[in-house]
Amino acid sequence: MIPTAEISHSTLMCGSDRIHVEEVIGKGSSGIVYSGIHINTGEKIVIKTGKTSSLEAEIRILNYLKSNLKAHASIEELVLSCDLTNGLTAVVKRPLFESSSDQSLTQTLSDIPSKSTRQEAVRNIIDTFLVVLESDVAVSDVQFLIDTLSGSVLLIDVSESRMLPINQPWEKWDILDQASVLNFIQETRAILALESEYANQYMERKLASNSHTLLHEVLSH
């Protein structure tokens, strides 16, 4: 169930920030996603509106990733959030792909005709996956936007994410924590299935140069 009516082609006031809402670009159980413009800066943005209770976890995760990753280029960055009326919240995020048209974006490797571009996308997906996991976050319902022209990727919608108990050994993790990280691995592998051989080789090279003990332990399951 979509928790709020559409607000396309309107202007939101988030404190002193003026947000122009353009077209609907996605809908999910937690809200509606729009393209838009941050009027104060002229920057292209993504706006998500939904029930405050549904977006609290996403805001928390985005704030955590923002403080820990220093705006990793392949992960949506929280710009601001504000309360609207009737228990609704707006979440404003960046970036969109500045140089790409909507027609060049996909969520599947099979839509990319060039093998070299597919492999660039594979590297970017794995790099982003590892950065998120190293930050002690597991994402569920993993979604990457992929630029079919460049292989650039963007991890979108972290609303179904879970903070991991990094200070505890794997065998003492709650079963839900273990399940969430294993699901993150499985869903990412499914996205990479078309180039699975190359993905496995690249992952092995990345892990060989990574000393993150828990990362090795988790990925061995």
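Trainee: How many helices and strands does the protein chain have?

Mentor: The protein chain has 5 helices and 11 strands. Helices (H or I, at least four residues) and strands (E, at least two) are DSSP runs, numbered from the N terminus. Please note that this is a predicted model, in which local features need pLDDT of at least 70, side-chain atom pairs count only at pLDDT 80 or more, and totals for chains, interfaces and linings use all residues. Residues are numbered from 1 along each chain as its sequence is written, and side-chain values use heavy atoms, with hydrogens and water left out.

Trainee: What percentage of the residues is buried?

Mentor: Of the 221 residues in the protein chain, 47% are buried. Buried means under 20% relative accessible area, exposed means over 50%, and partly exposed lies in between (1.4 Å probe, protein chains only).

Trainee: And what is the accessible surface of the chain?

Mentor: It comes to about 10900 Å², and carbon and sulfur atoms hold 50% of that. Such areas come from the Shrake-Rupley method with a 1.4 Å probe; for residues, only the protein chains shown count as cover.

Trainee: What share of the contacts joins residues 24 or more positions apart?

Mentor: Among contacts with a separation of 6 or more, 58% are of that kind. Contact means heavy atoms within 4.5 Å.

Trainee: Let us turn to the helices. At what angle do α2 and α3 pack?

Mentor: Helix α2 and helix α3 (residues 175–191) pack at about 175°, and their axes are 11 Å apart. The two helices are therefore roughly antiparallel to each other. The contact is made by Ile125, Phe129, Val132 and Leu133 of α2 with Val181, Phe184, Ile185, Thr188 and Ile191 of α3. By class, that contact has 8 nonpolar residues, 1 polar and no charged ones.

Trainee: How are the axes, angles and classes defined?

Mentor: Axes are lines fitted to C-alpha atoms, for helices over the stretch in contact, and angles run from 0 to 180 degrees between N-to-C directions. Angles under 35 degrees count as roughly parallel, over 145 as roughly antiparallel, 65 to 115 as roughly perpendicular, and the rest as oblique. Ala, Val, Leu, Ile, Met, Phe, Trp, Tyr, Cys and Pro count as nonpolar, Asp, Glu, Lys and Arg as charged, and the others, Gly among them, as polar.

Trainee: At what angle do α2 and α4 cross?

Mentor: The axes of α2 (residues 115–134) and α4 (residues 196–208) come within 10 Å and cross at roughly 45°. That makes α2 oblique to α4.

Trainee: Which residues meet there?

Mentor: From α2, Gln119, Val122, Arg123, Ile126, Asp127, Phe129 and Leu130 meet Tyr198, Ala199, Tyr202, Met203, Lys206 and Leu207 of α4. This contact of α2 with α4 has 9 nonpolar, 1 polar and 3 charged residues.

Trainee: Now the loops. Where is glutamate 76, and is it buried or exposed?

Mentor: Glutamate 76 lies in the loop between α1 (52–69) and β5. Its relative accessibility is 9%, so glutamate 76 counts as buried. Glutamate 76 and leucine 154 are 78 residues apart in sequence, with their C-alpha atoms 6.8 Å apart.

Trainee: And asparagine 86, buried or exposed?

Mentor: Asparagine 86 counts as exposed because its relative accessibility is 76%. Asparagine 86 sits in the loop between β5 (77–83) and β6 (88–94).

Trainee: Which residues does asparagine 40 contact?

Mentor: Leaving aside neighbours within four places in sequence, asparagine 40 is in contact with Ser16, Asp17 and Arg18. Asparagine 40 is found in the loop between β3 (31–38) and β4 (43–51), and at 44% relative accessibility it counts as partly exposed.

Trainee: Finally, what is phi of aspartate 141?

Mentor: Phi of aspartate 141 is near 55°, a positive value in a residue other than glycine. Aspartate 141 is in the loop between β8 (137–139) and β9 (143–147).
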